[in-house]
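Please look over the sequence and the model shown here before reading on. The paragraphs that follow lead through some of its local features, one group at a time.

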Amino acid sequence: MNRQQMNMTFARLILFFLFPVTALSAVTIETAVYPQALAVGQTGQYVVHAKNLERSDDLTLEPLRVDGLIFHPSPSRQVSTQMINFNTSREIRLTWNFTPRIEGLYTIPGQQITIGGKPVQVPPVQVRVTAQQEVLKGVFDLQVNLPQRPLYVGESIASEIALLIRSDVQAQLRSLPEKEGDGFLQTPMSNEFRTDRVRKNNYEFNRASWQILLTPIRAGEEKLRYSIGIVYEDPSAPRSRDIFGFQQGRVEELMLLSPHYSITVLDLPTQDRPASFNGAVGNYQLSAVLSDTQLRTGDPITLTITIAGSGNLDRIGQPAIEALDGWRIYQPKVETVRERPDSLNGKKIFEFILIAETTTPNRSPDVGFAYFNPDTARYVDASVPGKQVTIEQGTTGLAGSMNFTRQQNGTPSNQSLQPDQLRPPMTHPGKWSNRSEAFGSANLNSALTVNGVLAILMAVACFSLHRRERSRQNLSLQWQHHCQQSAQKFLSQAQTAAKSGAAQDFIGNAFAAVRASVANLDIKRRPIDSLVADDLIELAQNAKVNDDTIQLIRNLCVEYESIHYAGAAFDRDSLQRKSGELQAIIKHLDTIIP
Amino acid sequence: MRNHLKIMSLLIAFLLLVASPLTSVAQSLTPEEAFFAGNVAFKEQRWEDALTHYLTAYQAHTSAALELNLGHVYHKLEQPGNAFVHWRRAHLLQPQNPDIQHNLSILHSITGVIPFPPRWGVAFVPSLSAGIYVLIASLAGWMALGLWVLPRIIRKENIITRLASFVACAVAVVTAAAAFAMWPDPKLAIILSDETPLRIAPTAESPAQTKLTSGAHVRFMERHHNYWHIRTVDNQTGYVTDNEVEPVIPHQ
């Protein structure tokens with residue numbers, strides 16, 4: 001093999017190894033649906049699989065929207081990294097769960113996305129959706145109880161959603177019933193539902209039911225359907241045994257759909273519609289109660305209007321109050337009370353605050369209210385005329401200075417505040433505080449600081465008092481303290497006497513200091529004054545005081561006796577020297593623990 | 001011609017030199033200066049200008065006066081929701097200020113907005129800030145503990161120390177209850193605009209079960225992405241977006 005052939009072979013080898021590298025550099029995206037055909041309500045998976053991605057690349061798709069398929073908002077994500085020929089590449093697999101609602105052939109459209117600055121095509125994929133399996137229809141059923149007559153816009157109806165599950169099937173709810181169709185409003189679905197048993201087609205069924213109120217909001221042929229998510233153990237699948245020997249079936253997820261209900265919704269008639277009609281549909285009675293009929297100008301009174309009956313209480317607007325001269329009327333407090341949340345029966349209460357501005361009116365304003373009765377298909381005017389009132393001139397004079405304010409609970413108080421006059425803005429900014437700390441956290445911080453400081457003070461006080469008390473209680477410590485205090489006192493007096501050359505004073509105080517210091521070694525704690533020179537020597541020897549100190553004590557005792565009884569004299573220098581010796585004795589004795 | 005160009009360029013350079021400090025001065029108004037500028041604009045009924053100035057002051061700092069004045073501007077701009085937010089904040093900062101209380105009660109009267117019932121006990125305690133009650137409760141609590149523990153340590157316990165400890169303990173309990181009653185509600189929020197839909201689900205497509213008025217008081221329950229699950233005064237629950245509701249205590 002000549003050199004040229006070797007070079008060619010080497011080049012071929014390089015190309016051979018480079019081939020996978022170049023093949024890796026092309027990003028590919030595959031899409032698939034599992035299973036490719038599924039029934040309405042079954043859960044399928046849409047998978048997007050991107051290969052040969054760089055380490056920094058990511059895969060992000062636009063939100064998926066296909067009419068008839070409900071995609072879960074966030075996909076599950078699997079990322080794997082591999083190394084070929086020292087070249088690292090990534091694979092990302094995104095999986096969306098989806099549930100078809102209507103049968104048919106669907107195409108999940110492709111997308112043009114950008115990965116690593118290059119455009120990449122996500123291919124479209126098809127999925128076939130068939131009708132809900134017949135076998136499931138005998139096991140599950142979702143029904144909605146609706147009236148078999150046309151409804152009127154705004155008319156509230158009590159309805160029941162019932163889920164039937166054959167009693168021999170293990171199933172659990174994954175979600176509450178959900179409404180499809182925006183032509184109706186519905187009261188919130190409760191987590192609590194009724195359960196009972198019913199018999200159908202010779203089978204026992206467990207039945208769960210929810211009571212709701214439905215209100216159509218537009219006219220026309222409106223479609224309504226409900227769906228509910230359940231998890232069940234497939235009764236037709238063979239049961240297997242787990243490692244413990246327990247039998248278990250195959251668990252399936254299902255989005256159960258009710259039939260499509262078609263309901264005719266009629267517009268409310270415009271003919272003979274009273275001016276005071278404000279959307280109330282049902283059957284109602286109205287009552288108006290005035291809190292007081294004898295009043296003075298400026299006094300607030302309450303006009304309570306109660307609309308009781310059965311119908312769309314939530315959609316009833318406030319009754320029309322006549323704009324009668326001499327009355328000031330404020331916006332009402334509104335309260336809706338139902339017998340039960342899912343009941344049509346109840347009442348709506350409007351509490352208006354009225355203030356007589358002048359003495360002219362002799363009656364309260366008329367209350368206008370009309371409703372549409374769907375049973376008779378007619379409007380009913382339930383307006384109530386105003387009541388006779390007697391108004392006197394108030395003591396406060398003009399209405400502008402009336403005593404009125406609405407407190408937090410909505411009732412007037414007697415503070416002297418002007419109803420229409422706001423207090424003016426402030427001219428000075430006052431104390432500035434940081435916005436992030438001004439509300440709440442400042443209180444918390446100050447509470448923590450104050451309590452921290454007080455806790456430390458309390459701990460210090462407890463500790464010092466406890467120590468003091470313990471030392472007070474401990475007699476030996478007390479005795480030691482007493483002896484040391486006495487010794488220090490006499491020592492300082494002796495040192496003073498030594499400086500002034502007063503030998504008698506020095507020796508007396510020196511002896512007293514040594515006696516007090518040695519008395520500390522006395523286990524019997526005899527009185528200090530009762531100790532004589534021999535006692536001091538004996539105590540020092542028993543306490544194993546060193547010999548030099550014992551000798552010094554002995555000398556001191558001899559000198560004390562010689563001065564005390566014989567009047568011996570010492571010069572100032574020898575007194576100073578003895579003062580030093582005395583200090584050394586006391587210091588040494590203090591170190592000895594009895 | 002060349003001379004003209006020179007003169008023009010010199011003039012432009014001079015103007016830039018003069019203008020740059022001016023603009024920097026305009027941008028660097030202190031909160032106090034912005035507050036006073038807002039007051040001047042308010043007095044001249046230039047509501048938008050007043051709002052701009054007050055918001056400049058409001059960037060990092062606040063005060064009861066600024067909150068009150070902001071509420072006034074929003075009231076003039078017919079935004080009762082924002083007016084409620086700022087007057088409620090002013091009330092938190094100065095609960096005993098009668099002007100703020102008065103304005104709030106007037107705004108409730110005008111709008112017909114019903115607030116949440118006050119916590120139990122609020123009617124019985126003076127309107128002081130929660131911080132003051134916390135301080136008193138802390139002092140009284142520690143005093144009660146001290147009067148109980150310290151005499152026991154020094155073995156000088158008697159009926160007087162016990163009585164004093166009991167009284168301090170009672171004061172601590174009462175003021176702690178008052179602090180709890182006056183503590184700002186972190187979940188309280190205000191609806192900002194009229195006709196705000198109270199959605200059944202946290203999606204834009206969800207139908208509205210009712211419409212809320214500007215200034216309606218609500219309480220936060222939980223958050224779903226950019227939606228808040230809220231409860232109204234009449235116990236209705238539903239979802240509104242972030243932009244439609246403002247918490248009285250700003251979120252950190």
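A:Y46, A:F71, A:W96 and A:F98 make up one aromatic cluster, where rings of Phe, Tyr and Trp (its six-membered ring) pair if their centres lie within 6.5 Å, and where planes under 30 degrees apart count as stacked, over 60 as edge-to-face and the rest as tilted. The model is a predicted one, in which local features need pLDDT of at least 70 and side-chain atom pairs count only at pLDDT 80 or more, while totals for chains, interfaces and linings use all residues. Residues are numbered from 1 along each chain as its sequence is written, chains are lettered from A and ligands numbered from 1 in the order in which they are written, and side-chain values use heavy atoms, with hydrogens and water left out.

Over all chains, a search of the whole structure finds 17 aromatic pairs.

Another edge-to-face pair is formed by A:Y284 and A:Y371, with 5.6 Å from centre to centre and 90 degrees between the planes. Here too the pair links distant parts of the chain, with A:Y284 in strand β24 (residues 277-290) of chain A and A:Y371 in strand β32 (residues 370-373) of chain A, 87 residues apart. A:Y284 counts as buried at 2% relative accessibility, and A:Y371 counts as buried at 5%.

Elsewhere in chain A, 3 strands form an open sheet of mixed pairing, in the order β2-β10-β7. β2 (37-39) and β7 (104-108) of chain A stand at the edges, each with a single partner strand, so one side of each is left without a neighbour in the sheet. From one strand to the next the twist averages 30 degrees. β7(A) pairs with strand β10 (residues 125-130) of chain A in the antiparallel sense over 5 bridges, and A:T107 stands opposite A:Q126 in β10(A).

The loop between β1 (28-34) and β2 of chain A holds A:P35, and a cis peptide bond, with omega about -15 degrees, joins A:Y34 and A:P35.

Rings also take part in contacts with charges, where a charge sits over a ring if NZ of Lys or CZ of Arg is within 6 Å of the ring centre and within 35 degrees of the ring normal. The charged end of A:R166 sits over the ring of A:Y203, 4.8 Å from its centre, and that of A:K200 sits over the ring of A:F205, 5.9 Å from its centre.

Turning to helices, helix α5 (residues 475-500) of chain A and helix α6 (residues 503-519) of chain A pack at an angle of about 160 degrees, with their axes 8 Å apart. That makes α5(A) roughly antiparallel to α6(A), given that angles under 35 degrees count as roughly parallel, over 145 as roughly antiparallel, 65 to 115 as roughly perpendicular and the rest as oblique. Axes are lines fitted to C-alpha atoms, for helices over the stretch in contact, and angles run from 0 to 180 degrees between N-to-C directions.

In the loop between α6 and α7 (533-542) of chain A is A:R525, a residue other than glycine whose phi has a positive value, near 55 degrees. A:R525 counts as partly exposed, at 37% relative accessibility.

How values were computed
Pairing = 2+ DSSP bridges. Helix = DSSP H or I, 4+ residues; strand = E, 2+ residues; numbered from the N terminus. Buried < 20%, exposed > 50% of the residue type's maximum accessible area, 1.4 Å probe, protein only.
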